[in-house]
Amino acid sequence: MFTERTNVGVIGGGAWGTALAMHAAAMGHDTLIWARETEVVSSINDPAVKENTTYLQGYKVPEALRASNDIAAVVAHAEILLMVIPTPFVAATMSTIRDSLRPEQIIVSCTKGILNDTLETVNQILTRVVPEALHSRLAYLSGPSFAAEVAQGMPTAVTIASKTDTAAARVQSLFSTPRFRCYRTTDVEGVELGGALKNVLALACGISDGLGFGCNGRAALITRGLSEMTRLAVALGAHPLTMGGLAGMGDLVLTCTGDLSRNRTVGIRLGKGEKLQDIIDSMKAVAEGVLTSRSAHQLALKLNVECPIIAGIYRVIHENADARAVVSETMSRELRAEVDPELFEAAARQR
């Protein structure tokens, strides 16, 4: 177990891309990471530095890890290609390398989000952009995994999703260690929706914490937020049980409670009265939940799925609604059963 080694390419030199590249290199995979910024490449390659000083400062990368500004070289190098770039740039980036992709490669998306203009998940974007011969070799990595903790080698568990179980199993076997355990599933929709929507709910929990609403309020948001995630995911064909796993509940709890969560941090600062643009301008890394809050709300409207928390966050983020008033309105809605009967029926149909 854990003995086979291969060539790994990582597209994206942010914190998460760097942490995954560090993990792969530490396992003994021949790992090459692409970054747009020359300073990121220089700091990783410099023997005297060996660190991503821009996005993951303070964590030395393995000596064997190499970086490049040549994206074609990284693609040519890789059997396993990890794609770790923000959702709005997935289509354009993958289009530039489309003709360089090989049928034997496995592409692993490590990006979490829903595109604003088309409401596409990353899976839908990749299916549209990459050659059809690679559709069965698309996989998705998601789950509770802060980049800094992965970089430190702290115990982490994630889910690898692919429509083809053999592709998921291949990635699972190549990336699992006693400190980084991979599970697998064929429920791509569930894993994708869980990873995207939890960022929106982390904004909600951050705002609640920033307003001083306490642990009770945070627990209520996590639990009822999970219900909204599940309703949306099931409406798109996901299995409801996936939302109780690592890519659903696991990632939701981490992002809504962890101090390393960018989305929760944005929410806390909003709850304390800071302006959204000022917060965004002060951050190097992307808080995906800000953009996803718009697409999640539009997706719920499109599918006619009731998501009051997601709707409330959309109003606070994009319509400058008063967060205290939104909380009061949400808590004052018509009383109802906790679990939708439709979910029981959906679970029964899929057993």
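Student: Helix H1 (residues 15-27) lies across several strands; at what angle does H1 run to E2?

Tutor: This is a predicted model: local features need pLDDT of at least 70, side-chain atom pairs count only at pLDDT 80 or more, and totals for chains, interfaces and linings use all residues. Residues are numbered from 1 along each chain as its sequence is written, and side-chain values use heavy atoms, without hydrogens and water. H1 lies across E1 (7-11), E2 (30-34), E4, E6 (138-142) and E8 (DSSP runs numbered from the N terminus: helices H or I, at least four residues; strands E, at least two; contact means heavy atoms within 4.5 Å). Taking N-to-C directions, from 0 to 180 degrees, between axes fitted to C-alpha atoms, H1 runs to E2 at about 165°.

Student: Which strands does helix H5 touch?

Tutor: H5 spans residues 122-129 and packs on the sheet. Its direction makes about 155° with that of E6. The strands touched are E4, E5 and E6.

Student: Which strands stand at the edges of the sheet?

Tutor: The open sheet has 8 strands with mixed pairing, in the order E3-E2-E1-E4-E5-E6-E7-E8; strands pair if DSSP finds at least two bridges between them. Each edge strand has a single partner, so one side is left without a neighbour in the sheet. They are E3 (66-68) and E8 (180-185).

Student: What is the bridge partner of Ile80 in E5?

Tutor: E4 (residues 80-83) and E5 (residues 106-109) run parallel, joined by 4 bridges. The partner of Ile80 is Ile106.

Student: How far apart are the axes of H9 and H10?

Tutor: H9 (residues 214-235) packs on H10 (residues 246-257) at about 145°. Ile222 and Leu226 are among the H9 residues that meet H10. The axes are 11 Å apart.
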